[in-house]
Amino acid sequence: METMTSHPAHEQPTHDDGTRLHGEYKVPGGKLVVVDLVVVDGRFTNVSLSGDFFLEPDEALEDINRALTGLPEDSTAADIAAAVTGGLPENTVMFGFSAEAVAVAVRRALSKATGWADHQWEVIPPSVLPTQVNVALDEVLTAEVGAGRRNPTLRFWDWEEPSVVIGSFQSVRNEVDPDGVMRHGISVVRRISGGGAMFMEAGNCITYSLYLPQTLVDGISFADSYAFLDAWVMAALEKLGITAFYVPLNDIATDQGKIGGAAQKRLANGGMLHHVTMSYDIDADKMVEVLRIGKEKLSDKGTRSAKKRVDPLRRQSGLARSAIIEAMQDVFIERYGAVESRLTESELDEARQRVNEKFGTEEWLNRVP
């Protein structure tokens, strides 16, 4: 295991020594925001905002600097963003950035928020595991990253048995058709993250989990964190000739239809799970026999049929599933300096134990009947 480069928030140093602090944040799809400041007597001073953004009127730059000056060092991202918003003239136009982006840059200057480059990332390539173990590993590895025992990690799933993985808060009876499940030999598993049900046969999806410290998304809204954490995926798909984008909150789509969805879970120890499944070669007819996808679910999707919502990557790219996963891994490694890793025996043992105690039990599966 590589040496940790991030620290829990409670271990962050104080900065009340006159040292000039520097923080940067590149807004996804937007501009670079840079903040330099000094902390004196526990408050911000000598604040200087800069970047390649656009701001009107010109004098609003000094208004932002004034709004930040005097704020307590322990201000939350929400406190900082509110101060910026409250200090701006009524007709101010911020293009390519926002008050929230300024807050992220400030928190990074204070080492209370981190960027991708502040961590040693690892990548675990696909290995075939039972779906229940895959789900349990999400809980185990998120906790390990939060506790500082594992570096932030990207893990690709693989599995053999046909499965439906439902979201943490979904009702089994409302989401799954028992006749279809029995007819097609489907195993039904509940995961720890929210979101919708996933129909997963061997080779029909590309699924990955990102385990990260919450400091990486400090100051970024829940909604914006989805696109922020998947910017590398969009870049990988672009290299393959597929232009993908986020449809709020958590759908990934192209101009030909939805290709995937994301879900998240944040743990009390500071760890965070970001989980994505993209359809590669899904059997849409079987999917609608196994899942109950009602009219209300489709009401804001602009389609009458669940089958028409999903447009698999195989058809759009013409590439093998393994080639797409390899391209995704390559982009992640190149962007973030990631190194290849593997699951440890202790992590696998812990996951199997949690299957026995939680993820494989009727109590967990039917916690929302």
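At what angle do helix α2 and helix α3 pack, and how far apart are their axes?

## Packing of α2 and α3

In this predicted model, helix α2, which covers residues 77–87, packs against helix α3, which covers residues 99–109, at an angle of about 130°, and the axes of α2 and α3 are 8 Å apart. Angles over 145 degrees count as roughly antiparallel and those of 65 to 115 as roughly perpendicular, with the rest oblique; α2 and α3 are therefore oblique to each other. The crossing in which α2 passes α3 is right-handed.

On the α2 side, the contact is made by A77, I80, A81, V84 and T85, and these residues meet A99, E100, V102, A103, V106 and R107 of α3. By class, the residues in this contact of α2 with α3 comprise eight nonpolar, one polar and two charged.

## The open sheet

An open sheet is formed by eight strands, which follow one another in the order β12-β13-β14-β15-β11-β7-β6-β16, and the pairing within this sheet is mixed. At its edges stand β12, with residues 245–247, and β16, with residues 339–340, each of which pairs on one side only.

## Strand β15 and its neighbours

Within the sheet order, β15 stands between β14 and β11. With strand β14 (residues 257–266), strand β15 (residues 271–279) runs antiparallel, and the two are joined by seven bridges.

How do the side chains of β15 divide between the two directions, and are they buried or exposed? G271, L273, H275, T277 and S279 point one way from the strand, whereas M272, H274, V276 and M278 point the other way, and all of these residues are buried. Since burial extends to nine of the nine residues of β15, the strand is largely enclosed by the rest of the structure.

## Cis peptide bonds

A cis peptide bond leads from E56 to P57, with omega near 0°. P57 has its place in the loop between β4 (residues 54–56) and α1 (residues 60–68).

P248 and L249 are likewise joined by a cis peptide bond, for which omega is about 5°. In this case L249 is found in the loop that lies between β12 and β13, the latter covering residues 251–254.

Although D41 is not a glycine, it has a positive phi of about 50°. D41 lies in the loop between β2 (residues 32–40) and β3 (residues 43–51). Relative accessibility over 50% is the criterion for exposed, so D41, at 68%, counts as exposed.

N46, which is not a glycine either, also has a positive phi of about 50°, but N46 lies in strand β3. Its relative accessible area is 49%, and N46 is therefore partly exposed.

Methods:
Residues are numbered from 1 along each chain as its sequence is written. This is a predicted model: local features need pLDDT of at least 70, side-chain atom pairs count only at pLDDT 80 or more; totals for chains, interfaces and linings use all residues. Side-chain values use heavy atoms; hydrogens and water are left out. Two strands pair if DSSP finds at least two bridges between them. Helices (H or I, at least four residues) and strands (E, at least two) are DSSP runs, numbered from the N terminus. Axes are lines fitted to C-alpha atoms, for helices over the stretch in contact, and angles run from 0 to 180 degrees between N-to-C directions. Angles under 35 degrees count as roughly parallel, over 145 as roughly antiparallel, 65 to 115 as roughly perpendicular and the rest as oblique. A crossing is left-handed if the near helix is turned anticlockwise from the far one by less than a right angle, and right-handed if clockwise. Contact means heavy atoms within 4.5 Å. Ala, Val, Leu, Ile, Met, Phe, Trp, Tyr, Cys and Pro count as nonpolar, Asp, Glu, Lys and Arg as charged, and the others, Gly among them, as polar. Buried means under 20% relative accessible area, exposed over 50%, partly exposed in between (1.4 Å probe, protein chains only).
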